[in-house]
Amino acid sequence: MTRILPLAARDFEDWLPLWHGYLEFYEHELTAEQTMLTFDRLTDPGFPAWGALARDAEGRAIGFVNWLTHPSTWAAQPYCYLEDLFVAPDVRGSGAGRALIETVTTWARERGCAEVYWLTAEKNATARALYDRVAERTGFIHYGIPLDGD
């Protein structure tokens with residue numbers, strides 16, 4: 001049975017390998033400082049972003065989800081952006097991903113959000129099979145302009 005618990009400062013050592021797996025999947029690198037800043041923000045009750053960790057029956061960390069909210073010009077209520085979702089490769093298909101999404105959806109519904117949404121890579125076929133079952137594909141294409149000075 002998968003348990004989903006709010007991310008806490010004591011979870012860093014369990015969260016970190018999952019975070020690195022997530023970054024590796026997306027072929028992205030972050031500095032150790034950015035990783036620590038991200039974790040600190042997710043576990044700071046005063047920062048407007050949240051995280052949860054999935055654990056299996058033995059207590060092993062098997063996945064995580066991170067989310068935030070923001071105002072919308074299309075709704076009176078805020079939108080909830082599910083920014084990061086990762087499940088360890090050896091437990092994909094176990095229901096952990098669905099449970100993590102349901103955690104965010106329940107959280108957002110309880111806080112009056114208008115919508116939960118997320119992005120994924122086109123190549124992410126395994127996750128997309130789940131997403132197609134639990135959400136509506138909107139048809140939007142994501143564009144971005146990095147503003148890091150490069």
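This is a predicted model: local features need pLDDT of at least 70, side-chain atom pairs count only at pLDDT 80 or more; totals for chains, interfaces and linings use all residues.
Strands pair here if DSSP finds at least two bridges between them, and both helices (H or I, at least four residues) and strands (E, at least two) are DSSP runs, numbered from the N terminus.

As for ground rules, residues are numbered from 1 along each chain as its sequence is written, and side-chain values use heavy atoms, with hydrogens and water left out. Local features need pLDDT of at least 70 and side-chain atom pairs count only at pLDDT 80 or more, while totals for chains, interfaces and linings use all residues.

Strand β4 (residues 79-87) pairs with β5 in the parallel sense over 3 bridges, and Tyr79 sits opposite Glu115 in β5.

Next come the helix pairs. Two packed helices are described by the angle between their axes and the distance between the axes. For α3 (residues 96-110) and α4 (residues 125-134), the axes come within 10 Å and cross at roughly 45°. That makes α3 and α4 oblique to each other (angles under 35 degrees count as roughly parallel, over 145 as roughly antiparallel, 65 to 115 as roughly perpendicular and the rest as oblique). Gly97, Arg98 and Ile101 in α3 meet Leu130, Tyr131, Arg133 and Val134 in α4. By class, this contact has 4 nonpolar, 1 polar and 2 charged residues (Ala, Val, Leu, Ile, Met, Phe, Trp, Tyr, Cys and Pro count as nonpolar, Asp, Glu, Lys and Arg as charged, and the others, Gly among them, as polar).

Helices α1 (residues 12-25) and α2 (residues 32-42) pack at about 125°, with their axes 12 Å apart, and are therefore oblique to each other. Here too, α1 passes α2 in a right-handed crossing. On the α1 side, Phe12, Trp15, Leu16 and Trp19 meet Thr35, Met36, Thr38, Phe39 and Leu42 in α2. The residues of that contact divide into 7 nonpolar, 2 polar and no charged.

Aromatic rings turn up as well, with a count of 17 aromatic pairs. Rings of Phe, Tyr and Trp (its six-membered ring) pair if their centres lie within 6.5 Å; planes under 30 degrees apart count as stacked, over 60 as edge-to-face and the rest as tilted. One of these pairs, Tyr22 with Phe86, is edge-to-face, at 6.2 Å centre to centre and 70° between the planes. Tyr22 lies in α1 and Phe86 in β4, so the pair ties together parts that are 64 residues apart in sequence.

Notes. Axes are lines fitted to C-alpha atoms, for helices over the stretch in contact, and angles run from 0 to 180 degrees between N-to-C directions. Contact means heavy atoms within 4.5 Å. A crossing is left-handed if the near helix is turned anticlockwise from the far one by less than a right angle, and right-handed if clockwise.
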